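Some notes on this model follow, in the order in which I would go through it. Please read them with the structure open.

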Amino acid sequence: MKHTGLRKPFALTALCAAVAMSSLHAWAVTDQEILNDAKSTDQIVTNGLGLQGQRYSTLDTLNTNNINQLRPVWGFSLGGEKQRGQEAQPLIKDGVMYITGSYSRVYALDARTGKELWQYDARLPDGIMPCCDVINRGVALYGDLVIFGTLDAKLVALNKDTGKVVWKKTVADYKAGYSLTAAPLVVNGKLITGVSGGEFGVVGKIEAYDAKNGELLWTRPTVEGHMGYVWKDGKKVESGISGGEAGKTWPGDLWKTGGAAPWLGGYYDPDTDSLLFGTGNPAPWNSHLRPGDNLYSSSRLALDPNDGSIKWHFQSTPHDGWDFDGVNELISFDYKDGGKTIKAAGTADRNGFFYVLDRTNGKFIRGFPFVDKITWAKGLDKTGRPIYDEAHRPGNPADADKGKSVFVAPSFLGGKNWMPMAYSQDTGLFYVPSNEWGMDIWNEGVSYKKGAAYLGAGFTIKPLNDDFIGVLRAIDPKTGKEVWRYNNYAPLWGGVLATKGNLVFTGNPEGYLMAFDAKTGKKVYEFNTGSGVIGSPVTWEMDGEQYVSVLSGWGGAVPLWGGEVAKRVKDFNQGGMVWTFKLPKDLVAKR
Ligand code: CA
């Protein structure tokens with residue numbers, strides 16, 4: 001912004017005052033602001049409330065003593081007939097909220113009033129192939145740009161004031177089944193994201209782009225055997241970076257369509273200068289077609305942000321035969337062990353085990369079940385590798401149409417799916433949104449065809465209990481102990497937020513934003529938003545008051561893939577709203 005509006009005629013004052021506000025604040029989001037996001041309480045410029053993704057806020061104005069005074073202050077409808085799952089986390093910068101909606105839409109809203117400032121609609125082509133609803137998980141902010149990924153596998157950077165396109169980049173071919181759903185992250189000017197499409201036999205990849213102009217900087221395929229590359233001054237550096245040996249953990253040619261899509265994106269740990277990403281299932285699901293561990297599917301990866309090379313990997317489900325994926329967020333945290341600080345990372349896998357890794361080298365520290373029932377493995381060995389119960393691997397169809405069907409828990413929708421957990425620096429606990437369900441699963445023959453589903457499996461998901469599927473759990477990563485749990489009738493599909501006010505927030509498909517006492521698990525607040533909450537709540541401070549915001553809008557993978565579970569939730573209303581709450585100043589009670 002060049003003008004301040006101070007010498008404009010009176011009639012223009014109101015308009016210019018608004019412009020002047022933003023120019024005085026020098027909006028441009030810097031690398032330093034992004035690195036400091038976990039500590040700044042007046043803005044949220046990263047997915048995860050900090051690059052490590054702990055989803056912990058140091059705000060304590062709102063706390064267990066006064067949360068009953070939390071009030072809705074505005075709601076905003078995303079509009080249109082496109083009311084499907086809303087999984088985004090809002091970002092907040094200088095009094096403006098940036099969100100994404102279903103079908104690759106972006107909105108800028110006045111965070112004080114909910115007034116729409118602009119809206120961008122990606123106008124998707126026919127033939128997009130999202131596996132699991134037309135969702136998006138949020139934007140990244142950098143400089144004057146609002147950047148997000150679309151369901152036709154493009155990155156789009158918009159001007160933060162106008163919503164006009166500044167640059168656009170095709171990341172992959174949507175006709176081959178690629179799409180983008182993750183919120184990108186920005187590390188030192190590099191915009192980094194992962195692709196979706198493991199159900200279509202894509203080759204997963206993590207890529208870095210120059211956030212300012214969208215130039216590709218490096219690409220790191222996540223199926224062993226594929227080379228990674230770095231670009232300098234727009235030219236590919238010819239000696240590629242090896243991603244292991246082709247065919248070593250994959251037979252024949254299957255590595256060429258091996259899946260392992262890092263569809264949930266990732267986080268960054270400044271202490272070890274590592275990008276921490278998870279990777280999805282090997283393709284196809286039918287594991288009998290691909291003997292071997294099938295690296296780097298169903299794994300956690302630490303990448304060097306400079307060139308995308310793999311520093312270490314930890315594979316949670318080698319030779320995955322259940323679509324357990326391995327995309328779940330790997331969250332950095334430190335803890336003391338005999339006076340020594342352990343630089344750890346925690347992750348709750350779809351396969352039902354919680355893992356604590358040494359984030360300096362990827363070594364397994366400990367692992368334990370975090371769900372009530374795991375049938376496919378008898379446990380973990382000393383290295384964290386599952387001890388398989390082969391009776392629970394769906395049978396080889398060989399020449400038959402269908403192999404032996406087995407009942408497995410958890411179901412492929414996972415002990416925990418995409419919905420991000422939170423880590424509290426006060427309690428030292430992880431707050432994990434999880435589900436108790438199993439599945440009948442069987443294998444079928446399949447061959448790769450571009451743009452077609454590539455599963456070689458059939459399934460029916462079933463609840464394990466009559467009265468609940470979802471469980472919000474407080475888990476001690478040092479002992480594996482479940483400190484408390486909250487059972488929810490419908491499966492939980494929303495993110496979690498922890499605060500210094502001893503609060504844990506999440507939502508449920510029944511429509512409630514809920515808050516719990518972080519220490520005891522007692523429910524201390526709920527508000528019905530009118531549709532299922534499957535987005536991730538945030539909190540920030542504005543004008544000296546603490547705000548909370550969350551998207552509402554039922555959808556996501558459960559209604560599409562959930563079998564008998566989908567029947568249980570079929571009457572939940574769809575929607576598409578942002579709800580914003582605050583604790584008014586005059587209602588702040590003393591702690
Ligand atoms: Ca998958």
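1. The model is a predicted one. An open sheet of 4 strands runs in the order β28-β29-β32-β33, and its pairing is antiparallel. β28 (422-423) and β33 (482-488) are the edge strands; each has a single partner strand, so one side of each is left without a neighbour in the sheet.

2. Within this sheet, β29 (residues 430-435) pairs with β32 (residues 470-475) over 6 bridges, in the antiparallel sense. Asparagine 435 has glycine 470 in β32 as its bridge partner.

3. Threonine 460 belongs to strand β31 (residues 457-463). Is this residue buried, exposed or partly exposed? Threonine 460 has a relative accessible area of 24% and is therefore partly exposed, the cut-off for buried being under 20%.

4. Leaving aside residues up to four places away in sequence, threonine 460 is in contact with Gly438, Met439, Asp440, Trp442 and Glu564. Aspartate 517 is 57 residues from threonine 460 along the chain, and their C-alpha atoms are 36 Å apart.

5. Glutamate 199 and aspartate 325 link distant parts of the chain, being 126 residues apart. Glutamate 199 sits in the loop between β12 (190-194) and β13 (205-210), and aspartate 325 in the loop between β20 (310-315) and β21 (331-337). Both glutamate 199 and aspartate 325 are buried.

Conventions:
Residues numbered from 1 in each chain as written. Predicted model: local features only at pLDDT ≥ 70, side-chain atom pairs only at ≥ 80, totals over all residues. Heavy atoms only, no water. Helix = DSSP H or I, 4+ residues; strand = E, 2+ residues; numbered from the N terminus. Buried < 20%, exposed > 50% of the residue type's maximum accessible area, 1.4 Å probe, protein only. Pairing = 2+ DSSP bridges. Contact = heavy atoms within 4.5 Å.
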